[in-house]
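This note is meant for a colleague who is opening the structure for the first time. Please read the numbered points with the sequence and the model at hand.

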Amino acid sequence: MFLNSVILVLQEMIEAALLISVLLVFTHLFQRSWDKSFVLRTSWVALSIAVGVLGAALYSYYTPQISEMFDYVGQEILNASLHLLSLLLVCLLAFIVPSAQLAKNTMGRARFAAFCMTGIVMFSIVREGSEIIQYVGGIAGQEENFTPVVLGGFIGAGIGVSTGVLLFYGLINLSANWSFRISLALLCLIAGNMGSQAVLLLTQADWLPFTPIAWDSSSALPENSIVGHLMYALVGYEATPSILQVSIYLLGIVLIVISPLFRKAWPQQQSLVGKA
Amino acid sequence: MRSIRLFLISSILATLILFNFVAALQGYQSSMREADTLFDNQMLDLARLVSNLDVSSASSKDLRLGNNLSFQIWNESRLIAASHNAPVEPLQSFVPGFEYANFDGYRWRTFTRYEVPLDRWVIVAERTDLRFVLAENVVLQSILPLLLGIPIVGLLIWIIVSHGLRPLQQLSSALRNKGANDLSPILSADSRIELDQVIESINGFIQRLDRVMEREKRFSADAAHELRTPMSALKVQLHNLSEEIDTKHESFHQLQEGVDRMQHLIEQLLSLYRATPEQFAKNCETIDLYGITQDQLASLYPSFEEKEQSIELIGDSIEIEADKFALETLISNLLGNANKYTQRGGNIVVSVEDLGSEVCLRVEDNGPGIADAEKSRVFDRFYRVDSNDGAARAPGCGLGLTIVSHVADLHQARVEVKDSSFASGSAFCIYFKKKS
């Protein structure tokens with residue numbers, strides 16, 4: 001129970017921590033060129049976490065009703081929708097960030113970027129948080145499992161949050177160029193992962209056709225191993241992904257790569273973030 | 001803006017948590033493996049014990065071991081003894097060693113042993129779920145203190161980091177508390193190697209600043225003195241000229257206005273110079289704010305009379321600690337400003353009000369007023385508010401309110417620009433600390 005609890009909570013927490021860290025790094029890199037208001041710098045994180053936790057609690061409370069929707073695939077559809085909405089907001093952000101940076105009058109765009117980031121983190125917390133609440137709430141209710149599940153949950157959450165904190169400080173203490181490059185690479189993987197997960201869920205719900213698997217790496221790195229779970233959280237690793245999943249994963253990466261964030265911000269960000 | 005304290009506390013705590021928790025996971029896994037071996041050894045002992053059981057006695061045929069354990073003794077495919085919870089079929093195939101089996105609705109760890117002298121097969125079994133829970137509970141007891149210690153470790157890190165940053169805070173507050181005209185070097189009694197270099201650089205900077213200020217002070221004093229003398233001579237020459245030529249000529253008026261403006265500018269520059277913190281030597285004394293305002297009003301009254309403006313002074317005697325000369329400069333500038341920027345026939349109200357811990361000197365008029373966007377700029381040097389009623393033509397150089405602001409700062413007083421209580425116009429409020 002303990003180890004299962006650690007793995008589940010760690011997997012969900014590290015996914016959310018990675019996302020929040022990368023978005024905070026972007027906020028940090030561009031805050032000087034956006035604006036100095038408190039709204040942009042920190043309050044979006046607090047707001048998204050608060051609303052996300054509330055949303056996760058509501059989601060787990062209404063899970064039985066949600067599951068029965070759409071011919072008993074409501075949960076898959078809702079999770080896929082949350083993934084797709086997050087992907088849409090990540091793409092919007094990738095297009096908004098450089099515009100905000102290049103234009104002089106940036107307040108409106110900066111607010112829009114903060115709105116996008118709030119949405120991305122909020123949806124992520126609703127998704128991951130509801131799974132944690134359902135698992136911990138369901139198992140910790142049994143007296144003999146309470147200690148291992150809660151202890152495992154804390155250990156998993158501790159490792160996840162610590163990784164996020166160290167990643168954030170590690171990235172912002174790099175040179176602005178490297179910080180930007182690595183964050184962008186991580187954003188690409190996050191976007192790809194979101195798309196891939198949405199496809200997997202829609203396929204499970206029979207809303208998308210099954211496509212042949214692209215490869216089978218289950219013998220080299222099984223999905224249910226600890227490393228497999230961590231790789232899933234970090235890069236959305238699947239041992240047997242379908243061709244459609246791989247295509248959408250790559251599409252997510254391509255969307256970020258073709259965005260102005262990748263093209264326009266690259267040569268100019270030195271002068272802007274150099275001041276940060 | 002990034003906080004060093006937050007960075008240190010968060011990153012140290014995160015590193016500690018990460019490494020401790022990963023180590024705890026590693027410890028958990030190896031402890032569970034050890035516990036598994038321990039339970040297996042117990043089963044070996046149990047099998048040895050059971051194999052020597054006297055199966056002839058009736059009691060031993062239905063031995064109660066507890067719900068987590070079970071055994072069977074077989075002799076040539078015949079069950080000769082078993083625990084109460086054992087099935088009648090063999091628990092495991094007759095192959096010596098450890099294995100797993102499912103019966104009674106649970107998964108069991110089994111050990112099979114062949115006892116050669118007695119020609120018996122002994123199979124002992126232990127419920128995996130119960131031995132796992134037992135092992136986990138023991139292992140988790142060692143992890144629990146690690147988790148409970150995190151808040152204490154966090155608190156300790158916070159205290160240590162705060163203590164470590166104290167010299168930096170002390171340096172910061174020493175710099176913040178330095179008076180505007182205090183250019184003495186910073187002395188650090190409790191110095192640190194890392195901060196010595198910073199303090200040395202700051203002291204070097206202060207020294208250079210002191211030298212530059214001294215040079216500027218000498219230059220300003222000399223320039224003011226040099227300018228004042230020829231200006232007085234120019235005024236005398238102009239007066240003499242007015243008696244010799246036709247003074248109705250437009251050029252003469254313009255010349256006279258130009259000289260007046262220049263004289264005003266020199267006087268204001270001198271006032272500003274005297275009101276700067278570096279030059280100002282505050283000679284504080286107890287002054288009746290109402291009385292000094294009344295005196296200034298009396299001396300400037302002809303200007304108000306000339307523009308047919310009505311001026312009213314409201315209030316009572318209230319004492320404050322101030323420098324008399326500086327305070328006179330402040331009041332005359334405020335009154336002069338009201339006189340200049342209020343239209344002919346306008347109203348001006350001056351009040352001295354006791355607000356408890358503060359005393360408010362308020363000068364308000366029904367002039368054109370100041371737009372909100374300009375209110376913050378009126379104290380800038382040489383800034384003049386645009387006026388449509390010709391007030392801008394009045395002698396002025398945009399230094400009056402800068403002087404007011406400087407003098408207020410020197411007395412730790414607040415200056416506020418508000419809308420007047422008239423239908424139009426502005427109100428300047430200076431809040432002085434009341435004499436304790």
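**Notes on the contact between the chains and on chain B**

1. The contact takes 15 residues from chain A and 18 residues from chain B, two residues being in contact if their C-beta atoms, placed from the backbone, lie within 7 Å. On the side of chain A that touches chain B, the elements giving two or more residues are helix H1 (2–34) and H6 of chain A. H6(A) gives the most to that side, with 13 residues.

2. The model is predicted: local features need pLDDT of at least 70 and side-chain atom pairs count only at pLDDT 80 or more, while totals for chains, interfaces and linings use all residues. Residues are numbered from 1 along each chain as its sequence is written, and chains are lettered from A and ligands numbered from 1 in the order in which they are written. Helices (H or I, at least four residues) and strands (E, at least two) are DSSP runs, numbered from the N terminus.

3. Helix H6 (residues 143–172) of chain A packs against helix H1 (residues 4–51) of chain B at an angle of about 140°, with axes 8 Å apart. Axes are lines fitted to C-alpha atoms, for helices over the stretch in contact, and angles run from 0 to 180 degrees between N-to-C directions. H6(A) and H1(B) are therefore oblique to each other; angles under 35 degrees count as roughly parallel, over 145 as roughly antiparallel, 65 to 115 as roughly perpendicular and the rest as oblique. Among the residues making this contact are Gly158(A) and Leu166(A) of H6(A), and Ala14(B) and Phe21(B) of H1(B).

4. Chain B holds an open sheet of five strands in the order S8-S10-S11-S13-S12, with mixed pairing; two strands pair if DSSP finds at least two bridges between them. Strands S8 (310–315) and S12 (414–419) of chain B stand at the edges with a single partner strand each, so one side of each is left without a neighbour in the sheet. From one strand to the next, the twist averages 15°.

5. S12(B) and strand S13 (residues 426–433) of chain B run antiparallel and are joined by six bridges. Within S13(B), Tyr431(B) is the bridge partner of Arg414(B). Helix H5 (residues 289–306) of chain B packs on the sheet, and the direction of this helix makes about 175° with that of S8(B).

6. Helices H6 (residues 324–341) and H8 (residues 400–410) of chain B pack at about 145°, with their axes 9 Å apart. Leu330(B) of H6(B) and Val404(B) of H8(B) are among the residues that make this contact.
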